[in-house]
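Subject: Structure handover

Hello,

Here is the structure for you to look over.

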Amino acid sequence: MKLLKYLYSLKKSDAFILITGIYIIIMWLSNILLINETIFYNTYSEQLTYERITDLFNKLNKIKWAGYLFALLGLVIKFYLVAFVIYCGIFLCNLHYRINFGEILGIVIVSEIIFLLAGVVKLLWFLFFAGDYNLNDLGFFFPCSLGNLFSSSEVEPFWVPAMQSLNLFQLAYIILLSAGLWIKSNLSRNEAEKVILISYIPGFVVWLAFITFLSAEQTL
């Protein structure tokens with residue numbers, strides 16, 4: 001609890017630098033430790049020649065920096081969208097005079113730390129336990145998710161994003177958002193839980209429906 005109170009007491013700028021910095025480090029380690037020419041060969045050996053695979057690997061290596069930029073942009077968009085949804089819940093509960101948008105944004109940024117833990121678990125899993133794998137395995141796997149109950153061949157592609165999103169880390173994220181509201185503000189625990197119940201959870205369900213629809217459209 002003391003650690004949570006310390007994290008939620010950080011300035012938004014400090015929290016953002018901390019969270020995004022760790023996120024980039026995990027992403028960088030995953031790129032250099034998990035993705036190599038052998039993995040590319042395991043993925044595309046039935047479709048491309050060895051020379052073509054090598055050429056593709058080298059070209060993608062040259063534009064890896066763009067992946068970091070898009071990841072940062074995606075995080076920023078996520079932070080603001082989640083904060084906006086929760087702030088709408090604050091208004092619906094008539095609690096906007098007790099916590100402002102900036103404080104909610106800080107809570108959302110700090111709560112992202114649970115997904116950093118998921119990234120570390122995924123990195124360690126493929127480093128030490130996964131055995132032979134390819135890019136499809138990397139893309140399909142998310143720790144403690146519904147998708148892990150099935151193999152990638154058993155799941156239609158358009159269901160994959162939703163099944164990955166339904167995981168224990170998402171549940172912990174919801175708990176952290178609620179805890180952040182009552183730690184950071186003078187909201188009671190019941191008020192904080194009610195805000196998350198009527199804001200983030202419906203928003204998350206809509207998001208699941210949206211990404212499933214987009215994935216289905218792409219597979220048609």
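This is a predicted model: local features need pLDDT of at least 70, side-chain atom pairs count only at pLDDT 80 or more; totals for chains, interfaces and linings use all residues.

Residues are numbered from 1 along each chain as its sequence is written, and side-chain values use heavy atoms, with hydrogens and water left out.

Helix α11 spans residues 189–198, and its buried residues are Ala192, Val195 and Ile196. Buried means under 20% relative accessible area, exposed over 50%, and partly exposed in between (1.4 Å probe, protein chains only). Helices are DSSP runs (H or I, at least four residues), numbered from the N terminus. Viewed down the axis of α11, the buried residues fall within an arc of 95 degrees, so they line one face. That arc is taken from the directions from the helix axis to the C-beta atoms. The face turned away from the buried side carries exposed Asn190 and Leu197.

Ser178 sits in helix α10 (residues 168–184). Ser178 is buried, at 10% relative accessible area. Leaving out residues up to four places away in sequence, Ser178 touches Ala192, Glu193 and Ile196. Contact here means heavy atoms within 4.5 Å.

Now the backbone. Most residues other than glycine have a negative phi. Asn94 is not a glycine, yet has a positive phi of about 55 degrees. Asn94 lies in the loop between α5 (64–92) and α6 (101–111). Asn94 is partly exposed, at 48% relative accessibility.

Cys144 also has a positive phi of about 55 degrees and is not a glycine. Its loop runs between α8 (135–140) and α9 (160–165).

Best wishes

Methods
Helices (H or I, at least four residues) and strands (E, at least two) are DSSP runs, numbered from the N terminus.
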